[in-house]
Amino acid sequence: MRYLILGVTEARDETGAPLPIGGARLRALLAALALRAGHPASVAELADDVWGDDPPQDAPAALQALVARLRRALGGRDTVHAAPTGGYRLAAARDDVDLHRFSRLAAQGDRELAADPATAARTLRTALSLWRGPALADLAEPARTAHAAAPEARRSAVLRRRIEADLRGGATAPAELLPEIEALVHESPYDEPLRAQQLRALRAAGRPADALAAYERTRRALADGLGTDPGPELTALHAELLRPRPPQARPPQARTPQDPPGEPTADTGHPPEAPRGNLRPRLNSFVGREPELASLHGDLTRLRLITLTGPGGSGKTRLAEHAAAAHPEPGWLVELARLDHPAAVPGAVLSALGLRENSLVAREAPAPTAATDPTSRLVEHCAHRSLLLVLDNCEHVVEAAAELTERLLTHCPGVRVLATSREPLGIPGETVRPVEPLPPDPAHRLFADRGAAARAGFTVDEDPAAVAEICARLDGLPLAIELAAARLRLLTPRQIADRLVETELDNLRAALHTTTVDDVDVESAQRLAFALGWFWWLRNYRGEGAEWTARILALTPAHPPEGTPAYWRRMRLQVFDMFLLAESNSAERFRTPEYRELAVHIKTAFRHGSPETAVFPGILWPATSFLTGDVLEFHADLDQSVENCRRHAGDWELGVVLMLRTHVAIDVTGGLPTVDADLAELHTIAQRVGDRWTRAQVASAAGEIALSRGRYAEARTEFEECLRLAREVGAHVEAPFAIARIAEAAYSAGDLDDAERLLAEADEESDQHGGVYDVSAYARLLAAMLALQRGDAVRARNECELARVQTERITVPAQLTAGLATVDAVLTARERGPEAALGVIGPALSTAVAARCAERVLAGMAEAAARFLADADRPAEAVRAFAAATAWRAGQPRSAPEATVVEGLPERTRALLGPDRWAREEAAGAALTPAGLATALTAD
């Protein structure tokens, strides 16, 4: 096995094929263990590396669950060992990890450098080839920065030593080394040994003049930045450059008969051509501005002054450079952004044209004399020439740029000017061409192009919704899009989009802090909370929303006058507080006298119906009954809330409550036949409202209904539509849930392999966003059921335990409890026999009946009981349980796994009882209610 942590974490088997390590936290755990290959890592160290500053409440249990998943991904328990002193150790040699192999090769190359530079260069090149991206990219912050600092510094040092080895060995052409050296110089402008390598490479490439110019730039940089002169190594190199080596004698080339008299021979060559400008080709492609570029080409053939205007980062400079490069006249780029003084503009143009001995631009212009006036020199130089001046970033010296441009255009008929500025120059003859933000399609293509350069193989198809969100949030500004795409070396598109949201969210957090701490304004804080409430819910900031809501409630007067605006703001805030808390707390938190009293107070206020009761988040008030355990009231309150919204609210609010009622009805006894009218109305509302979250929720409801009725292909289509829309809108909690429901559709249809693949995808999505304990618990239940189908009892038991760990943090739905109990009963039957299993399934069925679980859930439990009864040689009771389950299904088909539970059961029991007795027991069973069967099963 090989473990790669110099970039995105990977594990590869002995053939080199990558293993599926799904989920950011799973990759972080593997990276943390590989970092310490051969040594154990403590639980505390691993928790810091995996979760950073936001560890789960029970980090050891969460870590144990992650280790179990990692073992499965790597191929077994032997891949990760539990340390006797606590913690875990990866079963790998140091050289199996690319980071440690890099360190070994780096040390080897250092030893080889003095004696054999060519071999050292090969060794160091091999070491550097192990890097695929930033070290330990998957670790959480601040652990990643702390652990990666030393390897990143070592990488930089190895790159420099490899360049040194290439310079000494001579196997690589010096000119080929210059781009690498110049990139390093840009990162470390005051690094003198690096600057010395640059001078040596330029000299070896036959460019002594460029080497002298580079020395001059280095001297100025050191003087301006550090107030120092070059050190001995640079000074000695400079002296050598000033004493060039004598040219080797070359025999004169004889004139041939074909040489015309008076023409120079090949020995002297042709006179040098006039310079073609100073535009340098960019290293990356030009994407997204093709229409503007074509238009600009036409403009430059007939217009003499064009100004590209637009905000910073809109791509004015790149567009101007590409247009000038394609123009037939020489193009000269004049960079004005560095100038501090408007009077320095003419001198900057002189420097760009190469008309000064010192090519460094003066930041402050000296007072000109008649002989040295730069504007006069420019007019004299350009008067009889044809050229294109690109004046870049004119906005902060716009008056000086305008004055110079007008004079040049007046006195130099062959000059054209292409300016970029945030505002026009405002002189006669100017044509202004605004550079607008990129439309979506070109913006996405730009992100794709720069993304592929940052991370090989990247395409927009990886996450088109996230890319669209990134480009939209960055207002289509090319520079911002390019900078965002560069972060793909470390982050996924969704992570980049989320961090952009975080940046916006920081401003809102500051406003909340101001209104609750710095300058307390309770009403403003309440309004901010209501405005942000949907965002907190949609983007999974529910824990943070609960904290802000609690803080604002603490500042809100406890008993404002009933019926006043202040009263209703407090009531809506209390509803939202309970709703947000339910996402990360067990039901027990809300089953206290205090919360029951609060729920009664809320319901009393909202049940009467008024415009105030039909506003988000107040429309969620029926959920208080569910949280406090008053299930019967919950359903009645939902009906009341629907009527309130019909009278007083808009389509969106009515849609939210109808969706809540529909989702609840699917999961309760007698609810499935009632959902069709609500679903039809929801489809109509979704068409009118049109927002993607509403459409996603309607698709989810339609998928659940299809799943309950055994239409698994239809269910999958609906859940896939829900997933697409949820990703587009950034509903992070909905996405993993939709994937898990697609997995359930595949499982129900009998495609276990696809179900397992989808569950791994759901796990990865859940790990990426965190805090989705309900989805994780449901996915673990489904994984346990899948393991049972494959005959893997050990894994099924482990998955059940992991699910129960997740349920400790949520208000557990009754159908999830029933599912876990059913799996537990099946495992008990395998471990201790069918009678023991009946002791589990009977009470579990009673609990599910009391919680009003849906008929298909109750039927699945009854069918498991029928199987246990048959295996316990109680065929008559088995027939009754089986017949009861069939009656409850009311014609709805069994899923493929459910069919295997009762496979052969009718034939087996009929053979034991005989046809007549079997028919009598079947009739008796068909008349049984769920409560009646539960009573029979628990009678013993």
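Modeller: Arginine 12 is partly exposed, because its relative accessibility is 29%. This is a predicted model. The side chain of arginine 12 forms a salt bridge with that of glutamate 10, at 2.8 Å from N to O. Glutamate 10 has a relative accessibility of 22%, so it also counts as partly exposed. The cut-off for buried is under 20%.

Side chains of opposite charge can pair when their charged atoms come close. Arginine 527 and glutamate 523 meet in a salt bridge, with 2.7 Å from N to O. Both residues belong to helix H20, which covers residues 522-538. They sit 4 residues apart, about one turn of the helix. Arginine 527 is at 49% relative accessibility, so it is partly exposed. The cut-off for exposed is over 50%. Glutamate 523 has a relative accessible area of 35% and is therefore partly exposed.

Now a pair with another setting. Arginine 741 and glutamate 744 are joined by a salt bridge at 3.0 Å, N to O. Their helix is H30, residues 734-749. The spacing here is 3 residues, again about one turn of the helix. Arginine 741 is buried, and glutamate 744 is buried too. There is also a network: salt bridges with shared partners link Arg72, Asp753, Glu756, Asp763, Arg780, Arg790, Arg795 and Glu799.

Next, the whole structure as background. The search finds 69 salt bridges in it. The protein chain carries 105 positive and 130 negative charges.

The chain has 940 residues, and 50% of them are buried. The secondary structure comes to 41 helices and 9 strands. Helices H20 and H30 hold two of the pairs described above. Along the principal axes, the C-alpha atoms fill a box of roughly 125 × 70 × 55 Å. Take the contacts between residues at least 6 apart in sequence: 69% of them join residues at least 24 apart.

Back to your question on cover. Glutamate 10 is partly exposed, as is arginine 12. Arginine 527 is partly exposed, and so is glutamate 523. Arginine 741 and glutamate 744 are both buried.

Notes
Residues are numbered from 1 along each chain as its sequence is written. This is a predicted model: local features need pLDDT of at least 70, side-chain atom pairs count only at pLDDT 80 or more; totals for chains, interfaces and linings use all residues. Side-chain values use heavy atoms; hydrogens and water are left out. Buried means under 20% relative accessible area, exposed over 50%, partly exposed in between (1.4 Å probe, protein chains only). Contact means heavy atoms within 4.5 Å. Lys and Arg count as positive and Asp and Glu as negative; His and the chain ends are not counted. The place of a charge is taken as NZ of Lys, CZ of Arg, CG of Asp or CD of Glu. A salt bridge is a side-chain nitrogen of Lys or Arg within 4 Å of a carboxyl oxygen of Asp or Glu.
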